[in-house]
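Okay, thanks for coming, everyone. Let me put the model up on the screen, and then I'll walk you through it piece by piece.

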Amino acid sequence: MNAEHSALKQIPLQFGKFQQIEFETFLTETKTELLELIRKIASGEETQHLYLWGATATGKSHLLQAACKLAGQAQRQVAYIPLEQIHEFKPEMLHDLGMLNLVCVDSLECVSESIEWQQTLVWLYNELRDNGHSMIIAGNASSANIDLSIEDLRSRLNWGLVFQLDIPSDEQKIVILKQLAKKSGFEFPDEVAQYLIQRVERDLHSLVKILNRIDEYSLAEKRKITVPLVRKMLESSL
Amino acid sequence: MEQLEGELTPQEFNTWIRPLHAIEAEQAIRLLAPNRFVLDWINERYLTRIEELLNALDDTGEINLQLEIGSKSTNQPEATKIESRSTPVVKPMPSTITAKTVKYSNNLNRSFTFESFVEGKSNQLARAASIQVAENPGNAYNPLFIYGGVGLGKTHLMHAVGTAIYKQKPGANIAYLHSERFVADMVRALQHNAINEFKRHYRSLDALLIDDIQFFAGKERSQEEFFHTFNALLEGQHQIVLTCDRYPKEVNGLEERLKSRFGWGLTVSIEPPELETRVAIIKKKAILAQKVIPDDVSFFIAKRFRSNVRELEGALNRVIANANLTGNPVTLEFTQSALRDLLIIQDKQVTIENIQKTTAEYYKIRLADLLSKRRSRSVARPRQIAMAISKEFTNHSLPEIGDAFGGRDHTTVLHACRKVTELRNTEHRVEEDYNNLVKTLTS
């Protein structure tokens, strides 16, 4: 099973052990209203269609997957559709998903070249709406700017509620990294976080990958996570 | 489930396992997949492991696992079924799908009725014609051709016609479908040697309702088949209703003989709703949402959101959602605050001139350079960002934006917008600059 199983792991975003996503990990001070709304949608207290947009590493996928997990815990049927993998999928995978309580569609920008996918998404949107079920779509640009050829899909993005996700500030990123580290069973000191954020790619995806490496490196070296240790690790990877 | 969740990535689990629904029976578990694609995916990749996990829980090792297409709500599996025993004995999927598996349904949305359609000057004629057609299918206007922009109610009227015909004549053979679905059905029928059944089905309908026929453009084989279907239905005095985003003669890539036939019945347009209709729509939607919306708020939203009904409803949805979340009453002040970012665009507070000036100041370059022909990176990048912001935050067209930036072509603006979208995703600096500029412009 293991060999067979590992062959299936072809997901582009590998955050290692930090991929175990919890809703609380999505940290933001400014979007508490959105988090509350998603909680309600996931639990079935509220029915809505949302469009979330923002640049890479603003937490869109994270939020969608956390919503799926919450919905699953509430015994609701849900599906996460990662459109960045459409080369492996067919639009038929969306057929009849309108019967699910919630469908989360990620990376809408990836269907800009496909009218068939866009049209199938319009059908799915209608189906979910008609059935009184919810949908959360995420994309990398506002509804006005996202590259879509079917205007019916674009106008549907404005039909529900629209939220822009901002890039977290450096302070927020540090808090997220510390939370992830804590969840994984180790401490990530402030000074190390500060040191890291000034020296590597500052987007959250890159930071989480490095955090993963730091954890492995400290275990291998059998040393505590300190600035000198991280410096040594970064130098050794140059 | 917990064990499997631990073994798969959250993405895999959320995509493939969570949509499944399990039903326990005596010594058997029925696993319902929402469609064939998911069923095949599960069958090929996860079924063996699911069986292993199930049998580990059961001492007898005799749990019978059945993978079927179906859902929690229907709990009615379709014909396709994969059954297995404790030692994985998975029956293969049928390699060929017979004509029996090509199913057709009417797809009518019963909530789209004439009663739930808000009438106004902009849609009066289209509504009246649709009612005529519904009362006298095949004889009043055939075909009925409704055209207009997105979100104005074309599809709503079309469903209303179908639903009304069905009410008068239960059992009537009616089909509502998008033109792309017609094309997909035809391709599927060709693949499965079921084209005769496809022809028989569509040519025997009492009413055929096809949405967005502009998507037939350039699909010659589908146009050919649709042409014959169209003729057969018209000959038999069966009703055809079509919608399109433009006047039939203006659809490029559509055969002339089809364009001319589309004009045989009645062609009516739907325009964006006027103020009174927009207010009426808000009031109707508010009642449906069981929310009290004061008149001044209805008028405020209706005045600010003009282009289509979806945009209008989106604004109302946001006000209601904010009110529900915060527990505040819906007042004019509350509404203005809840819609603040949308209103910035509506109000056109952000002008191209202001964007250019702010961008030049932000990057510490001269305004004249921003508008000049200079193409050095230090000027070109800020110019592209200013163009992208102009596209997003003003209602100016691409040629107008190009003109305002030193007489550039609209394709240059389009390129700038795409480039900036790409850079915002890949370069942190660009994303920060963009957001800082937007904050400065809109605060």
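With that, chain A has nine helices and five strands. Reading from the N terminus, the order is α-α-β-α-β-β-α-β-α-β-α-α-α-α.

Some housekeeping. This is a predicted model, so local features need pLDDT of at least 70 and side-chain atom pairs count only at pLDDT 80 or more, while totals for chains, interfaces and linings use all residues. Residues are numbered from 1 along each chain as its sequence is written, chains are lettered from A and ligands numbered from 1 in the order in which they are written, and side-chain values use heavy atoms, with hydrogens and water left out.

Let's stay with chain A. When I say buried, I mean under 20% relative accessible area; exposed is over 50%, and partly exposed is in between, with a 1.4 Å probe and protein chains only. Of the 238 residues in chain A, 59% count as buried. Contact, by the way, means heavy atoms within 4.5 Å. If you take the contacts in chain A between residues at least 6 apart in sequence, 72% of them join residues at least 24 apart.

Now look at strand β4, residues 134-139 of chain A. How many of its residues are buried? Six of six. Both faces are covered: Ser134(A), Ile136(A) and Ala138(A) are buried on one side, and Met135(A), Ile137(A) and Gly139(A) on the other.

And what does β4(A) pair with? Two strands pair if DSSP finds at least two bridges between them. Strand β1, residues 49-53 of chain A, runs parallel to β4(A) with five bridges, and there His49(A) sits opposite Met135(A). Strand β3, residues 102-106 of chain A, is also parallel to β4(A), joined by four bridges. Here Cys104(A) has Ile136(A) as its bridge partner. To get from β3(A) to β4(A), the chain goes through helix α4, residues 115-130 of chain A, in a right-handed β-α-β crossover. Right-handed means that, with the strands pointing away from the viewer, the path from the first strand over the helix to the second runs clockwise.

A nonpolar core is a set of buried Ala, Val, Leu, Ile, Met, Phe, Trp, Tyr and Cys residues joined through side-chain atoms within 4.5 Å. The largest one has 55 residues, and those with the most contacts inside it are Ile81(A), Leu83(A), Leu108(A), Leu121(A), Trp16(B) and Ile42(B). Its largest share, six residues, comes from α4(A). Take Trp16(B): leaving out residues up to four places away in sequence, it touches Phe89(A) and Met93(A), plus Phe37(B), Val38(B), Trp41(B), Ile42(B) and Tyr46(B). There's also a second, separate core of 28 residues, including Phe198(B) and Phe262(B).

On to how the chains meet. Chain A puts 64 residues into the contact and chain B puts in 57. About 5,600 Å² is buried between them, with carbon and sulfur atoms giving 52%; buried area is the accessible area (1.4 Å probe) that two parts lose on being put together, summed over both.

Last topic: salt bridges, meaning a side-chain nitrogen of Lys or Arg within 4 Å of a carboxyl oxygen of Asp or Glu. Asp147(A) and Arg418(B) form a salt bridge, with their closest N and O atoms 3.7 Å apart. Asp147(A) is partly exposed, at 34% relative accessible area.

Inside chain B, Asp295(B) and Lys283(B) form another, at 2.4 Å between the closest N and O atoms. That one links helix α12, residues 295-304 of chain B, to helix α11, residues 275-288 of chain B. Asp295(B) is partly exposed at 47%, and Lys283(B) is partly exposed too, at 31%. Finally, Arg129(A), Lys285(B) and Glu313(B) are joined into one network by salt bridges that share partners.

Definitions and conventions: Helices (H or I, at least four residues) and strands (E, at least two) are DSSP runs, numbered from the N terminus.
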